[in-house]
Amino acid sequence: MDVSAPDGRTIDYGERGTVRIYADGEALARAAAGLLADTVGERTGHAFIALSGGSTPKRMGQLLAEAPFRDTVAWREIECFWGDERYVPEDSPESNSGEARRTFLEKVDAEPGRINPFPTAVSDINLAAEMYATQIRTVFGATDGVPRFDLVFLGMGDDGHTLSLFPGTAAIHETERLAVANHVPKLDATRLTLTAPVVNAARRVAFLVGGSGKAETLARVLDGPVDVDLLPSQIIRPTDGELLWLVDEAAAAQLARDSRDADGR
Ligand code: 6PG
């Protein structure tokens, strides 16, 4: 079986990215798993990958834990990070890194020393963010500048958030730090998150967006005016990398540039 990501139906959104549309959530998750496999296959050494939380990544993880991905991806070459995290222990069901470990990282040949979760056991969340930034620099061997991930997976909330950059919050405009603690009033919580400059320095960024509940927001993000405080997903614009939107038909339903005819062809 070919593990490569199929292209899906493609819409060119120029600087806002390339949209690839898949039939349903299952096909979308399979395409995401294929994109991870492709990205690792393209690298000669380590592949630096940031995972996201959310429902589609969970299905992607289940697929990665099975053949053919389990047996064909060069798992030991992956340096695995996360785009954001809740301030909970890894054994919490809410932990993005815990979820990924349980779903696939513990079931494939990943190198435990290359799994780099946010340090949520640290008692000060701001310190945890600083430590994560330091860890990123250490693993990349980069003391200054912005490290270049090979692939960053992102999700998009129905309020337009991505990572833990929620509408109207301070971290959207962070330009110096690689990772911060971001207070999110509507959640009454503070989350750990990578910042836009890190994601925008990546070689490849892939949003995974599924379901009809995301259709209106996706259309606003891709077709509407840019207002990053209102729709933080719009701040993601890789400066010298590829921006992909892997979406399902339900999420794509309101896109203005989709030229399907009335029969859906
Ligand atoms: C998280 C992510 C968050 C997520 C979106 C979309 O850990 O929750 O940080 O940004 O990707 O909320 O999540 P779904 O794909 O589950 O809708």
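This is a predicted model: local features need pLDDT of at least 70, side-chain atom pairs count only at pLDDT 80 or more; totals for chains, interfaces and linings use all residues.

Biologist: Which residues are they?

Modeller: The lining is made by R16, V221, L222, V226, S233, Q234, I236, R237, L243 and W245. Two elements, α7 and β10 (242-248), each give two or more residues to that lining.

Biologist: What volume does the largest cavity have?

Modeller: About 50 Å³.

Biologist: And how many cavities of 30 Å³ or more are there?

Modeller: The count is two. The second largest cavity holds about 30 Å³ of space, and its lining consists of L36, I49, L51, W75, I78, C80, F104 and L105. Strands β3 (47-51) and β4 (78-82), along with helix α4 (96-105), each contribute two or more of those residues.

Biologist: Let's switch to pockets. What is the volume of the largest pocket?

Modeller: Its volume is about 530 Å³. The lining has 34 residues, and S52, G53, G54, S55 and P57 lie nearest the centre of the pocket.

Biologist: Which element gives the most to that lining?

Modeller: That would be α2, with six residues. At least two residues each come from α2 (55-64), α4, β6 (151-155) and β9.

Biologist: How does the lining of the largest pocket divide by type?

Modeller: There are 12 nonpolar, 15 polar and seven charged residues in it.

Biologist: How far is the side chain of K214 from an oxygen atom of the ligand?

Modeller: An N or O atom in the K214 side chain is 2.5 Å from a ligand oxygen. For R86, the separation between a side-chain N or O atom and an oxygen of the ligand is 2.9 Å. D84 has a polar side-chain atom 2.3 Å from a ligand oxygen.

Biologist: Good, thanks. New topic: is N182 buried or exposed?

Modeller: N182 counts as buried because its relative accessibility is 3%, under the 20% cut-off. This residue sits in strand β7 (residues 179-184).

Biologist: What does the side chain of N182 pair up with?

Modeller: The side chains of N182 and T169 are joined by a polar contact of 3.0 Å. A polar atom of the N182 side chain also lies 3.4 Å from the backbone nitrogen of A171. Beyond its neighbours within four places in sequence, N182 has contacts that include F166, A189 and R191.

Biologist: And D12, is that one buried or exposed?

Modeller: D12 counts as exposed, because its relative accessibility of 54% is over the 50% cut-off. You'll find D12 in strand β1 (residues 9-12). The D12 side chain reaches the backbone nitrogen of G14 at 2.7 Å. Not counting residues up to four places away in sequence, D12 touches G17 and R257.

Biologist: Last one: where is G210 found?

Modeller: G210 is in the loop between β9 (204-209) and α7 (215-223). With 25% relative accessibility, G210 counts as partly exposed.

Biologist: What is G210 in contact with, leaving aside neighbours within four places in sequence?

Modeller: L28, T56, D248 and A251. L246 is 36 residues from G210 in sequence, and their C-alpha atoms are 8.3 Å apart in space.

Conventions: Residues are numbered from 1 along each chain as its sequence is written. Side-chain values use heavy atoms; hydrogens and water are left out. Helices (H or I, at least four residues) and strands (E, at least two) are DSSP runs, numbered from the N terminus. Buried means under 20% relative accessible area, exposed over 50%, partly exposed in between (1.4 Å probe, protein chains only). Contact means heavy atoms within 4.5 Å. On a 1 Å grid over the protein atoms alone, a cavity is a set of points where a 1.4 Å probe fits but cannot get out, and a pocket is an open set with protein on both sides within 12 Å along at least five of seven lines; lining residues have an atom within 4 Å of a point. Grid points are joined across faces, edges and corners, and a volume is the space filled by probe spheres set on the points. A polar contact is a pair of N or O atoms within 3.5 Å; within protein, one must be able to donate a hydrogen and the other to accept it, and residues adjacent in sequence count only if both atoms are side-chain atoms. Ala, Val, Leu, Ile, Met, Phe, Trp, Tyr, Cys and Pro count as nonpolar, Asp, Glu, Lys and Arg as charged, and the others, Gly among them, as polar.
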